[in-house]
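Please examine the structure shown below before reading on.

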Amino acid sequence: MRDQLRVLKHGLIASWTMYSAFQTWKTWTFTWLSRLLIQACFYALIGRMLGSQQQVDYLLIGNVVAIMAIDATVVILLTVGERQSGTLALMVAAPSTHLTAYLGRGLVNLGSGVAASTTAFLVLPPLFGVRLPWPSAAVVPLMIFVVGLSCYCYGTCVASFVLGFPSARWLALNLSYLVLMTFCGVNVPTSFWPDWLRAVTSVLPMTHGLAAIRAFIAEGQASTVLVQLGLEVCVGVAWFAVAAVSFDRMVRRGRRDGTIEFGG
Amino acid sequence: MSVRVQNLTRTFRKGKGWRPKGDEVTALDGLTLDVPTNEVHGLLGPNGAGKTTLCKILSTILLPTSGSAEVLGHDVVADAAQVRQHVGIVFGGERGLYGKLTARQTLRYWASLHKIPDARAKVRAGELLARLGLTDKADDLVETFSRGMKQRVHLARGLIGDPKLILFDEPTTGMDPVAARDFRKLIGELRDEGRTILITTHDMDEAEEVCDRVTLIDKGRVLATESPRGLAAMSGLHRWVEAETSLDVTAIPGVVDTETRNGVLRVKTTDDQAARAVLDFLLDHGVRSVHAVPPRLEDVYLDLIGRRGMEV
Ligand SMILES: Nc1ncnc2c1ncn2[C@@H]1O[C@H](COP(=O)(O)OP(=O)(O)O)[C@@H](O)[C@H]1O
Ligand SMILES: [Mg+2]
């Protein structure tokens with residue numbers, strides 16, 4: 001366990017170093033953050049065009065949380081990055097589990113996503129007349145973080161499959177993200193979908209966490225909030241478990257058919 | 001015994017996709033090889049001989065099709081986790097590094113993947129950087145390094161886990177002569193520390209200088225395993241003459257082959273008598289520095305395998 005935590009720590013340090021080589025605070029704020037804020041505003045404006053404050057509330061909160069998911073699923077690209085840098089073989093041949101190493105590598109992106117959603121949550125609601133129950137609304141960023149973690153586990157699971165199909169990485173990233181945007185109650189309530197699809201949405205990350213956040217902001221029952229949040233955690237753990245198994249299988253497959261190259 | 005390989009076979013299917021349907025290629029064909037602990041063992045063979053495939057199997061990133069391979073008594077399939085504790089990998093070229101990390105960060109990152117506690121990793125990274133002459137550049141980004149320096153980062157990374165067996169897959173590809181000389185010195189030091197070294201190379205001089213024994217492989221099979229000297233003796237009756245001259249000796253009976261390198265003519269002859277004829281001819285023509293020389297590893301290699309795949 002301590003070994004794994006150390007890998008996580010050094011993976012985090014390494015990914016922070018690599019991330020900050022591409023992004024400074026300024027570029028992050030003016031390119032990435034502003035792009036995400038504009039996305040959330042865009043959907044909120046659609047709500048305004050529909051003419052009801054209720055729609056604005058729904059769309060803005062949904063999208064404030066959802067913008068985090070892009071960053072949380074970027075981990076899908078990192079597995080292919082290991083192939084590109086020629087480090088995959090070294091990772092597999094190292095005594096530690098490769099899963100932990102990957103988990104560490106994407107944490108900075110997760111942090112970026114949670115930071116963006118939190119900023120959006122603090123900045124946008126006043127602009128769109130969305131009322132929040134301050135000061136208790138201050139715990140919402142924590143809930144966003146929980147949703148982020150479970151989206152991250154989901155991303156890692158997809159990443160493990162992409163390990164076997166490197167050329168599908170962008171498709172996989174966009175699809176994974178779009179699925180969350182479409183089906184998890186971001187723009188359309190999950191009740192809109194037929195029953196079987198609703199069943200699917202209940203095992204996707206974000207669905208329950210977002211429901212919890214909405215219930216909390218609407219000052220709904222504490223039990224509803226807690227149950228939904230608990231379900232979100234369960235969903236995250238489940239995705240993580242599938243990711244662990246599938247990572248193992250993909251590496252085994254790579255060893256079997258010789259797709260793990262020295263330097264490739 | 002550090003490495004014990006028995007009847008190892010590995011085939012690949014050519015083609016792309018989940019289930020490639022192309023022809024089957026045999027990379028290793030019933031290869032058997034023992035490398036005793038603390039030996040520097042060279043793997044020589046043309047491109048496509050199966051050298052890299054063997055290194056991959058020993059480092060657990062590739063599964064054998066049949067046969068068995070053990071590293072320090074641990075099976076590479078059944079006890080892969082044990083094997084990984086003890087094996088270090090270094091391959092040539094510039095890949096396998098994160099350009100945006102510094103040399104020190106690179107070592108600290110890989111140390112964590114080798115389960116080394118932070119305090120020890122810090123010391124060990126410092127030692128390795130010093131040992132490989134990277135102390136001054138330790139905190140510079142790897143992407144700013146010259147090719148030779150990247151190679152040294154690779155070496156340091158391969159040693160971070162304190163491996164008992166080190167696999168070098170063409171480590172000197174693209175190294176300049178000074179770096180290559182330092183590398184040979186390093187190999188000697190690593191042996192003195194009790195490590196076992198398996199090194200694939202195209203460089204016969206290098207193999208002759210650093211290896212205790214070499215194995216010639218071709219088409220996935222062992223042609224011979226011997227000390228470089230012993231292997232040289234296998235080239236039968238051929239005798240070699242070296243001289244600093246540009247004279248043409250090809251017309252002398254018994255001359256098989258000639259080659260000029262750095263102004264030194266090297267003549268391969270069929271036997272003692274032919275060699276004497278060449279010596280006499282050269283001395284008669286006033287050439288002063290003339291020697292009958294023992295065969296080099298390269299000569300044997302060329303005898304056994306031919307000129308195929310010598311170009312890197
Ligand atoms: N992943 C792979 N897929 C298909 N063929 C491969 C693969 N790896 C190696 N081979 C084939 O196996 C043979 C041996 O390759 P390799 O071990 O790389 O040789 P060497 O390192 O001695 O040059 C070659 O014919 C090569 O084409
Ligand atoms: Mg090779």
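A residue is counted as near a molecule if one of its heavy atoms lies within 4 Å of that molecule. With this rule in mind, one may turn to the model, which is a predicted one, and ask where ligand 1 lies. Ligand 1 is found between chains A and B.

The surroundings of ligand 1 can now be described. Its shell consists of 13 residues, and the closest include Gly258(A) from one chain and Gly48(B), Lys51(B), Thr52(B) and Thr53(B) from the other. The greatest contribution comes from H1(B), which supplies three residues.

Which atoms of Lys51(B), Thr52(B) and Thr53(B) approach the oxygen atoms of ligand 1? In Lys51(B), a polar backbone atom is 2.8 Å from an oxygen atom of the ligand. In Thr52(B), by contrast, an N or O atom of the side chain takes this part, at 2.7 Å from a ligand oxygen. Thr53(B) likewise uses a polar side-chain atom, which lies 2.5 Å from an oxygen atom of ligand 1. Taken alone, ligand 1 would expose 560 Å², and the protein buries 74% of that area.

The backbone also deserves attention. Most residues other than glycine have a negative phi, and most peptide bonds are trans. Against this background, two places stand out. In chain A, the peptide bond between Trp134(A) and Pro135(A) is cis, with omega at about 0°. Pro135(A) belongs to the loop that connects helix H6 (98-127) with helix H7 (140-162) of chain A. In chain B, Asp162(B) is not a glycine, yet its phi is positive, at about 55°. Asp162(B) is likewise part of a loop, between helix H5 (147-159) and strand S7 (165-169) of chain B.

Where pLDDT is low, the predicted coordinates should not be read in detail. Chain A has an average pLDDT of 90, and 100% of its residues score at least 70. Within chain A, helix H4 (residues 75-85) has the lowest confidence, with a mean of 84, whereas helix H10 (residues 207-217) has the highest, at 94. Chain B averages 87, and 93% of its residues score at least 70. For the model as a whole, the scores are ipTM 0.87 and pTM 0.85.

Conventions
Residues numbered from 1 in each chain as written. Chains lettered and ligands numbered in written order. Predicted model: local features only at pLDDT ≥ 70, side-chain atom pairs only at ≥ 80, totals over all residues. Heavy atoms only, no water. Polar contact = N/O pair within 3.5 Å; in protein donor to acceptor, adjacent residues only side chain to side chain. Areas by Shrake-Rupley, 256 points an atom, 1.4 Å probe, with all protein chains shown as cover. Helix = DSSP H or I, 4+ residues; strand = E, 2+ residues; numbered from the N terminus. pLDDT = per-residue confidence, 0-100.
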